[in-house]
Amino acid sequence: MLSAFVALIALGAPAAPAAAGRAQQPAGDADTGGIGLRLLDIPTERVADPRAQVYVVDHVRPGATISRRVEVRNTSARPLRVELYAGAASIVGTAFTVPEGRKGNELSGWVHLGRKTVDLEPDDRRAVTVDIVVPKSASKGERYGAIWAQVTSPSGRGGNVTQVHRVGVRLYLDVGPGGEPPTDFRIESVTARPGAGRFPVVTAHVVNTGERALDMTGTLTLSKDAVRAGPFRVSSGATIPPGGSGDVGIELDQSLPAGLWDVRLVLASGTVERTAEGRITLPVPGTVAMTAGRPAWLVYSVGTATALALLVAAGVWYLFRRRTRVRVAPSG
């Protein structure tokens, strides 16, 4: 008899069920299918970094070893046997992507877990050590991976269907001599456009000018006369590799009066923050570009500029025809 396989994957916040093999975008404290996984230890020098509170983010020299602890918990009403392992990850486009199954990479091969399995009663939790041993021969550069907690069980109906629930915590490990490479980015442009639903979306194009990957968060606020709207939070974030670029979306999830609005966009990755200011027109008529760090006071949408050009052309044509008719009229 053939067996069906269904994978339910989350690396961070609760995620919707995903078909086996579909790439996911992992986050931090994860909980799905009755199991949860979160990072317990934060290095002192990174305590102010929001990313380090949910991911393993570090810079080490070749030959170094770092240690962390993760907490596995059983949020279901039945006993569970949880498997623990490390797996591969990469950044594809602007997504932190994990492969199907237990495929590994160089970084996952450096990970040593204190336990391979944990038996948990309902509402029980257990701390597990994670040691990352970097070889002395390791080359310079940032690597990506994930620590997984997994439960495999048959579905309630149909014994030929197997469900796999797994949750994980991201790994961002940079290797190299000296201090940590810089993290930096710039907001190159901002576009206002219709969204997939009833509300418009403001999309910021971000360029990673540093040497560490970015996980974008942020807020957008709007003001018009005495009216203020927001803050609207990033609704479609992005993980942007060093030297790469990508779009970060903010949905304006409420109805706003028509007109010209002043906008202030604040984006961050970890402790690095950048700001862009400018103006957009609502309802969204087209594309609005802004320059990071200074107001773009004279910004027109593509639709507005096109309409203005057509109006000027029509006026010139009218004056030309009027003058022509005057010259050829017969004298009295």
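Student: What is the N to O distance in the salt bridge between the side chains of arginine 46 and aspartate 58?
Tutor: This is a predicted model, in which local features need pLDDT of at least 70 and side-chain atom pairs count only at pLDDT 80 or more, while totals for chains, interfaces and linings use all residues. Residues are numbered from 1 along each chain as its sequence is written, and side-chain values use heavy atoms, with hydrogens and water left out. A salt bridge is a side-chain nitrogen of Lys or Arg within 4 Å of a carboxyl oxygen of Asp or Glu. For arginine 46 and aspartate 58 the distance, N to O, is 3.6 Å.

Student: How many residues apart in sequence are the parts that arginine 46 and aspartate 58 tie together?
Tutor: Strands (E, at least two residues) and helices (H or I, at least four) are DSSP runs, numbered from the N terminus. Arginine 46 lies in the loop between β3 (35-39) and β4 (56-60), and aspartate 58 in strand β4, so the separation of the parts they tie together is 12 residues.

Student: Is aspartate 58 buried or exposed?
Tutor: The classes are buried at under 20% relative accessible area, exposed at over 50% and partly exposed in between, with a 1.4 Å probe and protein chains only. Arginine 46, at 9%, is buried. Aspartate 58 has a relative accessible area of 8%, so the class is buried.

Student: Which residue forms a salt bridge with glutamate 142?
Tutor: The closest N and O atoms of this salt bridge are 2.6 Å apart, and the partner of glutamate 142 is arginine 212. The pair links distant parts of the chain, 70 residues apart: glutamate 142 is in strand β12 (residues 141-154), and the loop between β15 and β16 (214-215) holds arginine 212. Glutamate 142 is buried at 16% relative accessibility. Also buried, with a relative accessible area of 1%, is arginine 212.

Student: Which residues are linked with Arg46 and Asp58 in a network of salt bridges?
Tutor: The structure holds 18 salt bridges. Besides Arg46 and Asp58, the network links Arg68, Glu142, Glu180 and Arg212.

Student: Which residue meets arginine 125 in a salt bridge, side chain to side chain?
Tutor: The distance is 3.2 Å, N to O, and the partner is glutamate 71. The pair links distant parts of the chain, 54 residues apart, with arginine 125 in strand β11 (residues 125-133) and the other residue in strand β5 (residues 65-74). Arginine 125 is partly exposed at 46% relative accessibility. Buried, at 9% relative accessible area, is glutamate 71.

Student: What is the centre distance for the rings of tyrosine 55 and tyrosine 172?
Tutor: Rings of Phe, Tyr and Trp (its six-membered ring) pair if their centres lie within 6.5 Å; planes under 30 degrees apart count as stacked, over 60 as edge-to-face and the rest as tilted. There are four aromatic pairs in the structure. The planes of tyrosine 55 and tyrosine 172 stand at 40°, so the pair is tilted, and the centres are apart by 5.6 Å.

Student: In what order do the three strands of the open sheet with antiparallel pairing lie?
Tutor: Two strands pair if DSSP finds at least two bridges between them. Nine bridges join β14 to β15, and seven join β15 (residues 200-208) to β20. The order is β14-β15-β20.

Student: Which residue in β20 is the bridge partner of histidine 205?
Tutor: Of the nine residues of β15, eight are buried. Valine 201 has glutamate 251 as its bridge partner in β20. For histidine 205, the partner in β20 is aspartate 247.
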